[in-house]
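Dear colleague,

Please find below the structure that I am handing over to you. My findings follow it, arranged by topic.

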Amino acid sequence: MSHHSGYETTLGAIAEQFDLELALGDPGARLDGVCALTPGRDAGLAFAESEAQADALAATGATAVILTAALAPRCPVAALVCERPRLAFARAASVFEPAPPAAGVHPSAVVEPGARVDPGASIGPQAVVGADAVLEAGVVVGPSSVIGARARIGTDTRIEANVSVGDGVVIGARVRIEANAAIGGRGFGLVHNGQGWDPIPQLGGVRIDDDVEVGAGTTIDRGAIDDTVIGPGVKLDDQVHIGHNCVIGAHTVVAGCTGIAGSCTIGAHCMIGGGVGIGDHVTVVDGVIITAASQVPKDITAAGVYSSTLRAMPAGKWRKRLALFRQLDRIERRLRRVERPGAFTGDKDE
Amino acid sequence: MSHHSGYETTLGAIAEQFDLELALGDPGARLDGVCALTPGRDAGLAFAESEAQADALAATGATAVILTAALAPRCPVAALVCERPRLAFARAASVFEPAPPAAGVHPSAVVEPGARVDPGASIGPQAVVGADAVLEAGVVVGPSSVIGARARIGTDTRIEANVSVGDGVVIGARVRIEANAAIGGRGFGLVHNGQGWDPIPQLGGVRIDDDVEVGAGTTIDRGAIDDTVIGPGVKLDDQVHIGHNCVIGAHTVVAGCTGIAGSCTIGAHCMIGGGVGIGDHVTVVDGVIITAASQVPKDITAAGVYSSTLRAMPAGKWRKRLALFRQLDRIERRLRRVERPGAFTGDKDE
Amino acid sequence: MSHHSGYETTLGAIAEQFDLELALGDPGARLDGVCALTPGRDAGLAFAESEAQADALAATGATAVILTAALAPRCPVAALVCERPRLAFARAASVFEPAPPAAGVHPSAVVEPGARVDPGASIGPQAVVGADAVLEAGVVVGPSSVIGARARIGTDTRIEANVSVGDGVVIGARVRIEANAAIGGRGFGLVHNGQGWDPIPQLGGVRIDDDVEVGAGTTIDRGAIDDTVIGPGVKLDDQVHIGHNCVIGAHTVVAGCTGIAGSCTIGAHCMIGGGVGIGDHVTVVDGVIITAASQVPKDITAAGVYSSTLRAMPAGKWRKRLALFRQLDRIERRLRRVERPGAFTGDKDE
């Protein structure tokens, strides 16, 4: 199923607003949402960007398709031509996104004394805004979310339901935080006291720069002394964990379920796959790509693609290979013996 | 410790209600909860299903045991005989579960205009039901949970505390969603704009079919264009992540901390272990079992058991084997040299 | 940036309160927070514990440094001498932690009938305290958190925002639970019914002993029959998952994103790294260290360090080694052939 948004526009309006060339089609044709190329649907907007989609394009039931000039001749419906169809589609599709809730403070919300909530902000039902927090125009605080005391939230930042923003956390403009994320928890700093562990007070904060996205259930801890910093344009998927005192560089993306331990410095324009683990105090330079589920216990000092991704195979085969892996030292020793027959190696298994 | 539920029944009532043969014991004996075979306790109901439990059975302090006919002669207490004791126990134990909260809307809850809440539904303290949402009879919305606008929730579905259900999400009947789960967050769809990343609007929904269970802290994102679909009878453990546009087949179970990236199609009757990672756009057919912590970057096209599960060993030994693994190309080259002595291989390390 | 806490004290007061020797400096010097050694800042307290920090110490702009006697002669500012500077710093820094919220029940909170809330406890805005729950003096329940019916929470335990504590959960004294944690969800117990899966009622509880810390987004499930138990002094980082019926021994620490499946028994004084997976029904003895991202499908029966941590390498090199790993059986067979030239092995690939 694809969805009607409730918002309607026309082909011509989309072409003009997003600077697309209407190569074919009636500018007055109605559009009310997006759809996949196939099956497509009436009043739906789709996109096509590669030769591999030619057959799907030929069969589309969409009302209009954003596509490259190369694909346009094969479009059986209205064609909106541009150089980067996926980007143009992402931008055009935004017109169908639900409107943000109306400005104002819901009667069931609690705004503590000293908080400054811009009249253009929207505070949802059951939300809490702590003392002396500052919320700029266009901020949306979702239902049942909690904004800590002295937190500062920039223009047009949108926070969904049941999010926790800790005391003193600073969030920039146009940030999006999905449901049940927790920003500003105490970092995991411990010192052994002889019998057990004393917590190290976590007195730093969290700073999230402009245009960041934080996925559902993601956690970002506050620093021990200095701040944890999420740079501008960073995109974090769901259930990502960012430990205390991390600094994440601009425009880096982190896929779901990845954990970055404390005091890491991650460069700008990195792409970190899902389920990755990065050890504490690791530095990763700019422009690094890490494939899914890789483990990074040491610094990465040069741009490039890095991996330790395994690949599941039938379990019997896997068990056999794993058993051989566990004997790799013995295998290497057997190899040494056939390389140097007669030599005494004297090794023991370990 | 095992727990008294506050609810009391008798051996005879349990036998009759769940069609168990009371082989031995007083039908009027009192039962007030479940217990383990050992030590067991007075008024406690236990179960035994295998020969391996014979000693524990002989020593049990339970008041009654659900067990197979084969084990019955060795039962020192009241015996309830059936073919599948674990299943019968699961069903009988349900009588001791706490009753759901009473129907009605708590005075502190917010029900937005246009929402239709069946009089037989229960809306807990501080909960929020969005505009035009529809909640059927027997629905329970836990304290501080948020149901989005236009969401639809089927009969007898139970949602625990601090859960977020996004706008327009559709949930079937008899679904259980544990605390702090987040359903309907925006999917992680990005397109590079030359400088950084633009989000792709996520205009699809989430559909959760009947009899699904969703664990605490689990996240299920909405689709970009089409819906994310969780099929009937699917069971998701805690902290599972389901990316946008996934389709999970009927009666598939997914253990804790597993992440399934976007646009995956997982078959029916699969069993996916804990900590597994499945890459985006992967298809897994019906009847696949994936062992814990395995990584699945590619399609699985035949039913069976798949694995890439490692096994921790003493760290010194592991480091030695990992070092050899990192030299596997060199080892293979050395092997080639002894296989073909005198041949020029010309390889370089890479 | 380092932070002024708003609380001010003096060097002399810190020295006296924490039994530190003021080797150099004016006892009346003002301190208002902590800072890193470099750059340090006016009125900031830092620490130094090792020779490797000598240069940073020489350059510090802190007002005072807690350090060892060996480092003291090289301290250019006020020096507070002790044997274990990190531990002393952790304790001294606690004076700068924000004061807990004032006692009392926020007018927007809901306290259900029968709950006993000590007058010295603090119940935050939009929080819910269930029927017959018992909260001792000094307990803090954060905004929008939910305490289940019949739960018991010990003295000075602090619960942050949007936390869910299930019915009947028992929590000791001086426990800290970070935002969006969920304690007491139903365990993941299923039994196949021929067509799909029946849930096994989860009728046990959760018991959390004194001085435990639970990180943001962490989930701890209730037991099926007996309780899940978190021993005294255990520290759990963010997004940890503890399955039903686990017993975690005293003073064990578990780093972020680690999942411990159901019915595990983990010893005391263990250190479990981030992203580790421990299979169900696994027993780990006291004093075990498990490195990050290791997988533990089997019991660990002796103290020591265990590992299956991989290490990412450039992706091309990794792919080559992984391909060789997948051929390990063939490599071993080739080795056997060169060891016993002429012998017939008869193996097939599998």
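The domain bounds used in this message come from an automatic or database domain assignment. The model itself is predicted.

**Domains and symmetry**

Three domains make up the division of chain A: domain 1 covers 9-96, domain 2 covers 104-306 and domain 3 covers 315-350. Between the C-alpha centres of domain 1 and domain 3 of chain A there is a distance of 59 Å.

Two copies of a chain are related by a rotation about an axis and a shift along it.

**Two open sheets in chain A**

One open sheet of chain A has ten strands, in the order 9-12-15-18-21-26-29-32-35-38, and its pairing is parallel. Its edges are strand 9 (110-111) and strand 38 (295-296) of chain A; each has a single partner strand, so one side of each is left without a neighbour in the sheet. Within this order, strand 15 (residues 146-147) and strand 18 (residues 164-165) of chain A run parallel and are joined by two bridges. Here A:V146 is placed opposite A:S164 of strand 18.

Another open sheet of chain A has nine strands, in the order 10-13-16-19-24-27-30-33-36, again with parallel pairing. Strand 10 (116-117) and strand 36 (283-284) of chain A are its edge strands, and each of them pairs on one side only. Two bridges connect strand 13 (residues 134-135) with strand 16 (residues 152-153) of chain A, and these two strands run parallel. A:V134 has A:R152 in strand 16 as its bridge partner.

**Strand pairing in chain B**

In chain B, strand 21 (residues 182-185) is joined by two bridges to strand 18 (residues 164-165), and the two run parallel. B:S164 faces B:A182 of strand 21 across this pairing. Strand 21 of chain B is also joined to strand 26 (residues 219-221) of chain B, by three bridges and in parallel. In that pairing, B:I183 stands opposite B:I220 of strand 26.

**Helix 3 of chain A**

Helix 3 (residues 85-93) of chain A has nine residues, of which seven are buried, so the helix is largely enclosed by the rest of the structure. The buried residues are A:P85, A:L87, A:A88, A:F89, A:A90, A:A92 and A:A93. Within chain A, they pack against helix 1 (11-17), strand 4 (33-34), strand 5 (44-48) and strand 6 (64-67). They also pack against elements of chain B, namely strand 22 (190-192) and strand 23 (197-199).

**The annotated position A:H244**

The UniProt record, an unreviewed entry, places the feature "active site" at A:H244. This residue is found in the loop between strand 29 (241-242) and strand 30 (247-248) of chain A. Is A:H244 buried or exposed? Its relative accessibility is 13%, and A:H244 therefore counts as buried, the cut-off being under 20%.

Leaving out residues up to four places away in sequence, A:H244 touches A:G187, A:F188, A:G189, A:Q202, A:D221, A:R222, A:G223, A:A224, A:T228, A:G262 and A:S263. With A:Q202 there is also a polar contact of 2.7 Å between the side chains.

**Two buried loop residues in chain C**

C:T60 is located in the loop between helix 2 (54-58) and strand 6 (64-67) of chain C. With a relative accessibility of 8%, C:T60 counts as buried. A polar atom of the C:T60 side chain lies 2.6 Å from the backbone oxygen of C:L37. Apart from neighbours within four places in sequence, C:T60 is in contact with C:L37, C:P39, C:V65, C:P76 and C:V77.

C:S108 sits in the loop between strand 8 (104-105) and strand 9 (110-111) of chain C. At 19% relative accessibility, C:S108 also counts as buried, because the term applies under 20%. Which residue does the side chain of C:S108 make a polar contact with? The partner is the side chain of C:H106, at 2.8 Å. If residues up to four places away in sequence are not counted, C:S108 touches A:V110, B:Q126, C:P125 and C:Q126.

With kind regards

Definitions and conventions. Residues numbered from 1 in each chain as written. Chains lettered and ligands numbered in written order. Predicted model: local features only at pLDDT ≥ 70, side-chain atom pairs only at ≥ 80, totals over all residues. Heavy atoms only, no water. Pairing = 2+ DSSP bridges. Helix = DSSP H or I, 4+ residues; strand = E, 2+ residues; numbered from the N terminus. UniProt positions renumbered as here; feature names shortened; annotations may be inferred. Buried < 20%, exposed > 50% of the residue type's maximum accessible area, 1.4 Å probe, protein only. Contact = heavy atoms within 4.5 Å. Polar contact = N/O pair within 3.5 Å; in protein donor to acceptor, adjacent residues only side chain to side chain.
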